[in-house]
Amino acid sequence: MHKTALVLFSGGQDSTTCLAHALKTYERVETIAFDYRQRHRVELEARLVVLDEIRRQFPHWASKLGEDHLLDLAVLGDVSDTSLTRETAFKMETSGLPNTFVPGRNLLFLTLAAAVAYRRGLEVMVTGVCETDFSGYPDCRDDTMKAMQLALSLGMDHRFLIETPLMWIDKADTWRMAESLGGKALIDLIIEHTHTCYLGDRQHRHAWGYGCGTCPACELRARGYERFVTSVN
Ligand code: ZN
């Protein structure tokens with residue numbers, strides 16, 4: 001049985017749910033994120049608040065929660081031209097992918113996460129990628145994850161496991177998973193402190209949390225929350 005995990009933790013709803021899952025499942029959990037000069041720094045700020053709140057509100061998890069790693073990946077901003085790293089409006093490209101797609105982003109993240117996991121002796125990498133509900137990012141697909149698991153395991157001559165708890169569930173189920181892991185306290189923490197909005201909006205508070213309410217990330221989060229609350233009540 002695997003006992004240790006490294007969670008790719010961005011401070012959003014999905015990765016916070018993955019972190020809760022890891023804290024429930026493993027004995028020692030560390031977190032990692034990447035500063036690739038995201039247009040909106042609120043995401044990097046939010047993740048520290050979420051970590052603090054988890055430590056404060058879930059003492060039985062706090063003892064398992066170890067080091068947090070933030071790696072500088074400014075080079076990703078240099079090589080990509082997307083609405084996440086530049087002042088460009090969100091739009092769909094002719095490829096059928098939204099211009100929030102940063103080519104190779106998850107491949108780089110996983111490779112660097114594996115290097116950290118190797119050094120720290122962590123067995124499982126947990127990531128919130130999902131094939132069900134999103135924009136079809138090719139580096140979030142199940143096949144890509146399986147290929148990365150194999151490539152990293154062979155390339156580092158070390159058995160890595162990539163775990164993707166959200167791969168086949170939709171956003172309403174992600175809220176349900178959070179509720180089953182941490183009850184109302186975790187739902188409230190996710191609403192109040194996680195950040196999802198592409199525009200970095202922390203001014204407008206909705207039932208589902210902060211955000212502009214109209215960007216694709218907000219719409220997805222809002223729709224999922226709506227279906228979650230209407231199904232539980
Ligand atoms: Zn938004």
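A term to start with: a residue counts as exposed when its relative accessible area is over 50%, and as buried when that area is under 20%. Please keep in mind that this is a predicted model.

1. By that cut-off Asp 157 is exposed, because its relative accessible area is 72%. You will find Asp 157 in the loop that runs between helix 6 (142–155) and strand 5 (161–163). Its backbone deserves a look too: Asp 157 is not a glycine, yet its phi is positive, at about 45°. For background, most residues other than glycine have a negative phi.

2. Next, the metal site. The zinc ion has four protein donors, the SG atoms of Cys 197, Cys 212, Cys 215 and Cys 218, at 2.3 to 2.4 Å. The angles among these donor atoms are 105 to 117°, and the site is tetrahedral. Along the sequence the donor residues follow the spacing C-x14-C-x2-C-x2-C. Cys 197 sits in the loop between helix 7 (171–193) and strand 6 (205–206) while Cys 218 belongs to helix 8 (residues 216–232), so this pair ties together parts 21 residues apart in sequence. Cys 197 and Cys 218 are both buried.

3. Finally, a helix pair. Helix 1 (residues 13–25) packs against helix 7 at an angle of about 70°, and the axes are 9 Å apart. The two helices are therefore roughly perpendicular to each other. Helix 1 contributes residues including Thr 17, Ala 20 and His 21 to the contact, and helix 7 contributes, among others, Trp 175, Ala 178 and Leu 181. The contact residues comprise seven nonpolar, six polar and three charged ones.

How values were computed: Residues are numbered from 1 along each chain as its sequence is written. This is a predicted model: local features need pLDDT of at least 70, side-chain atom pairs count only at pLDDT 80 or more; totals for chains, interfaces and linings use all residues. Side-chain values use heavy atoms; hydrogens and water are left out. Donors are N, O and S atoms within 2.8 Å of the metal (3.2 Å for Na, K and Ca); water is not among the atoms, so sites may look incomplete. Four donors count as tetrahedral if all angles lie between 85 and 135 degrees; four count as square planar and six as octahedral if opposite donors are over 155 degrees apart and all others between 65 and 115; anything else is irregular. Helices (H or I, at least four residues) and strands (E, at least two) are DSSP runs, numbered from the N terminus. Buried means under 20% relative accessible area, exposed over 50%, partly exposed in between (1.4 Å probe, protein chains only). Axes are lines fitted to C-alpha atoms, for helices over the stretch in contact, and angles run from 0 to 180 degrees between N-to-C directions. Angles under 35 degrees count as roughly parallel, over 145 as roughly antiparallel, 65 to 115 as roughly perpendicular and the rest as oblique. Contact means heavy atoms within 4.5 Å. Ala, Val, Leu, Ile, Met, Phe, Trp, Tyr, Cys and Pro count as nonpolar, Asp, Glu, Lys and Arg as charged, and the others, Gly among them, as polar.
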